[in-house]
Amino acid sequence: MSRGQNILRYAVLFAGALVFLFPFYYMVIGSLQTEPDSTVAGAFPNPANITGENYTAINSRIDLLQGLANSGIFAGGVILCTVVFGVLVGYALAQLQWRGRGITFALVLLVQVVPFQLLMIPLYVMIARDYGLADNYLGMILPFAINSTAVLIFRQYFLQVPRALFDAARIDGAGELKILWSIALPLVRPALLTVVLLTFIGPWNEFLWPFLITKEASLQPLAVSLANYLTNVAATAANPFGAILAGACVLAAPAVVLFILFQRHFVSSDIGSGVKG
Amino acid sequence: MSTTVSPESVTPNPAARPARPGGGGPRRGRRRQWLGKNPLGLVLSAPYLAFVLLVFAYPLVFAFYMSFHDYFFAAPGAVVDRPFVGLANFQEVLSDPAIIRSFGNVGIFLLINVPLTVVLSLVLATALNKVVHARTFLRVAFYVPYVTASVAVVGVWIFLFSGNGLVNQILGPLAPDPAWLINEQWAMPTIAIFVTWKGMGFFILLYLAALQNVSEELYEAAATDGAGKIRMFFSITVPGVRPATVLVLLLATVTGANLFTEPYLLTGGGGPNGASSSPVLLMYQRGIEQGAPDIAAAIGVILVIGVLILAFIQRKLAGGDES
């Protein structure tokens with residue numbers, strides 16, 4: 001590779017990185033400004049215009065800790081269901097022969113291609129109206145309890161485990177559940193981490209569904225309460241943009257930090273195999 | 001994937017097969033044949049399958065049922081008559097200019113989002129693939145918008161693209177008037193660019209995975225034959241990642257069809273004048289705000305048929321993929 005081409009490559013990548021990161025930088029700067037400053041100079045920190053008040057302001061309008069806790073419960077419930085069902089079905093599809101395996105696999109693929117929005121209205125009628133699960137964590141989690149991408153990732157990993165390993169354990173008299181728990185599960189630990197990270201992003205960032213079924217502020221995930229603030233009460237605050245950006249920083253931080261810490265485990269081939277099946 | 005169907009599961013009449021010797025008596029042998037070698041698989045899959053029925057299959061059928069009936073919200077437990085109305089809901093949807101416009105808006109969205117996504121994510125992934133220095137930093141930079149909530153970054157985009165926001169300050173007299181998000185021409189393109197920016201990290205990831213499968217020998221052979229970098233990109237890289245491109249096209253289309261949060265928050269519920277409304281936004285407004293779930297269900301059915309048609313066309317145009 002010639003020197004010129006290499007310089008061009010880095011120039012393109014760093015220009016791209018700047019475009020991708022600038023809004024985040026600007027979000028943090030904006031959340032710390034006493035007065036919104038949208039001039040070019042406002043993009044640089046100015047000690048005279050720095051304050052933490054926006055964080056206090058947003059916290060007095062929406063309970064940030066409660067919002068974070070609600071987001072955490074929602075995401076935690078979804079992750080738990082996803083991992084438990086994903087491991088069980090992934091193992092069954094990859095390593096066991098049983099009647100209905102083909103149909104189950106076809107269903108896993110089908111679930112993936114039907115867009116959630118077609119199901120949105122009937123799910124709303126069922127969960128909010130028929131089952132009375134509006135303003136309820138269970139109602140929030142239910143539609144996301146099955147995650148076919150996770151099933152496919154686990155299946156892919158379990159397929160890579162040599163069957164002889166399981167057969168040996170069976171000959172030694174181990175039951176299937178024992179095999180799953182003490183042999184199969186430790187072998188797919190990297191897949192577990194990937195699935196947890198991938199699954200976390202979904203419910204943590206999800207807006208539409210919890211927005212539909214939570215009306216009570218104390219139960220709303222942070223994304224929903226922040227969006228409500230953005231559309232309703234923002235106009236009454238002293239520095240509405242500062243407050244919105246402060247809330248945005250609080251909402252963005254956990255996902256961004258987790259991702260940066262574990263980015264090595266966020267492997268492209270997993271996502272590729274997961275989506276492709 | 002017919003290869004995954006085990007021989008046991010396709011036996012038409014399992015009782016007709018002789019019991020396997022040593023299978024623990026004839027009764028156990030017969031059950032084992034009928035349920036396959038490891039009936040435990042079914043037990044392990046049962047909770048998942050129950051959920052598929054509850055939160056996927058039943059609502060799917062229910063959506064179609066609603067779209068063909070005069071469905072309205074009633075008190076829980078109340079017995080009400082919801083007569084079959086045939087295609088009346090669909091007629092109402094297709095004769096509503098606001099709904100037609102929202103489908104047109106998705107068309108504008110896709111025309112901007114899909115080519116931008118495919119070209120930029122392939123170029124960035126190709127550039128990133130061979131990078132040695134600052135690899136982690138660059139990866140993280142591109143994926144951060146993808147892992148962040150739309151609701152969080154929407155705030156900063158409103159701030160950036162408002163009338164006297166930073167973007168207009170830099171553009172000066174070139175800035176559109178009225179500003180981007182309240183401008184009838186620019187509202188939808190601005191949303192499309194926002195979504196492209198936000199989702200790009202995921203598509204770069206997909207292309208990075210696909211690039212691992214392109215044979216290094218092809219590049220070496222092409223270099224021996226004197227092909228330039230640009231020629232190699234178009235003759236080896238682009239065809240080599242075709243399966244990924246088909247997938248990117250499909251996922252970008254589905255994203256466009258699912259558009260809700262961005263028009264709802266960036267442009268205050270699909271304004272100005274419906275220029276940035278989306279079908280899902282109207283499903284929410286008609287179905288839940290205005291209490292017409294049957295109309296919303298009909299919009300959903302039309303939307304899904306549209307996605308299926310687009311996916312079919314894209315697959316044909318892209319030449320299909322074997323995986």
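Lys and Arg count as positive and Asp and Glu as negative, while His and the chain ends are not counted. The exercises below concern a predicted model.

**Exercise 1. Describe the charge and the overall build of chain A.**

Step 1. Under that counting, chain A carries 14 positive and 12 negative side chains. The centres of the two sets are separated by 16 Å.

Step 2. The secondary structure of chain A consists of 14 helices and 0 strands. Along the principal axes, its C-alpha atoms occupy a box of roughly 75 × 65 × 35 Å.

Step 3. Of the 277 residues in chain A, 56% are buried. The chain exposes about 11400 Å², and 67% of this comes from carbon and sulfur atoms.

Step 4. Consider contacts in chain A between residues at least 6 apart in sequence: 72% of them join residues at least 24 apart.

**Exercise 2. Characterise the interface of chain A and chain B.**

Step 1. The size of an interface is often given as the accessible area lost when the parts come together. Here the two chains bury about 9100 Å² between them, with 79% of it on carbon and sulfur atoms.

Step 2. A:F20, A:R99 and A:L118 supply 9% of the area that chain A buries against chain B, more than any other three residues.

Step 3. In terms of contacts, 94 residues of chain A meet 99 residues of chain B.

**Exercise 3. Determine whether A:L208 is buried or exposed, and identify its contacts.**

Step 1. A:L208 belongs to helix 11 (residues 208-213) of chain A.

Step 2. Its relative accessible area is 4%. Buried means under 20%, so A:L208 is buried.

Step 3. With neighbours within four places in sequence left aside, A:L208 is in contact with A:Q117 and A:M120, and also with B:F260 and B:V280 of chain B.

**Exercise 4. Locate the salt bridges of the structure and state what each one joins.**

Step 1. Side chains of opposite charge can pair when their charged atoms come close. Over all chains, the structure holds 3 salt bridges.

Step 2. A:R170 pairs with A:D167, the closest N and O atoms being 2.9 Å apart. These residues are separated by about one helical turn, because they are 3 residues apart in helix 8 (residues 163-171) of chain A. A:R170 is partly exposed at 24% relative accessible area, and A:D167 is partly exposed at 35%.

Step 3. B:R286 pairs with B:D96, with closest N and O atoms 2.5 Å apart. B:R286 lies in helix 14 and B:D96 in the loop between helix 4 (88-94) and helix 5 of chain B, so the pair ties together parts 190 residues apart in sequence. Both B:R286 and B:D96 are buried.

Step 4. B:R101 pairs with B:E184 at 3.2 Å between the closest N and O atoms. B:R101 is in helix 5 and B:E184 in the loop between helix 8 and helix 9 of chain B, so this pair ties together parts 83 residues apart in sequence.

**Exercise 5. Examine the backbone geometry at B:P178, B:A134 and B:N273.**

Step 1. Most residues other than glycine have a negative phi, and most peptide bonds are trans.

Step 2. A cis peptide bond links B:D177 to B:P178, with omega about -5°. B:P178 sits in the loop between helix 8 (166-171) and helix 9 (187-211) of chain B.

Step 3. B:A134, although not a glycine, has a positive phi of about 55°. B:A134 is partly exposed at 33% relative accessibility.

Step 4. B:N273 is likewise not a glycine and has a positive phi of about 60°. Its relative accessible area of 62% makes B:N273 exposed.

Definitions and conventions:
Residues are numbered from 1 along each chain as its sequence is written. Chains are lettered from A and ligands numbered from 1 in the order in which they are written. This is a predicted model: local features need pLDDT of at least 70, side-chain atom pairs count only at pLDDT 80 or more; totals for chains, interfaces and linings use all residues. Side-chain values use heavy atoms; hydrogens and water are left out. Helices (H or I, at least four residues) and strands (E, at least two) are DSSP runs, numbered from the N terminus. Buried means under 20% relative accessible area, exposed over 50%, partly exposed in between (1.4 Å probe, protein chains only). Contact means heavy atoms within 4.5 Å. Accessible areas come from the Shrake-Rupley method with a 1.4 Å probe; for residues, only the protein chains shown count as cover. The place of a charge is taken as NZ of Lys, CZ of Arg, CG of Asp or CD of Glu. Buried area is the accessible area (1.4 Å probe) that two parts lose on being put together, summed over both. A salt bridge is a side-chain nitrogen of Lys or Arg within 4 Å of a carboxyl oxygen of Asp or Glu.
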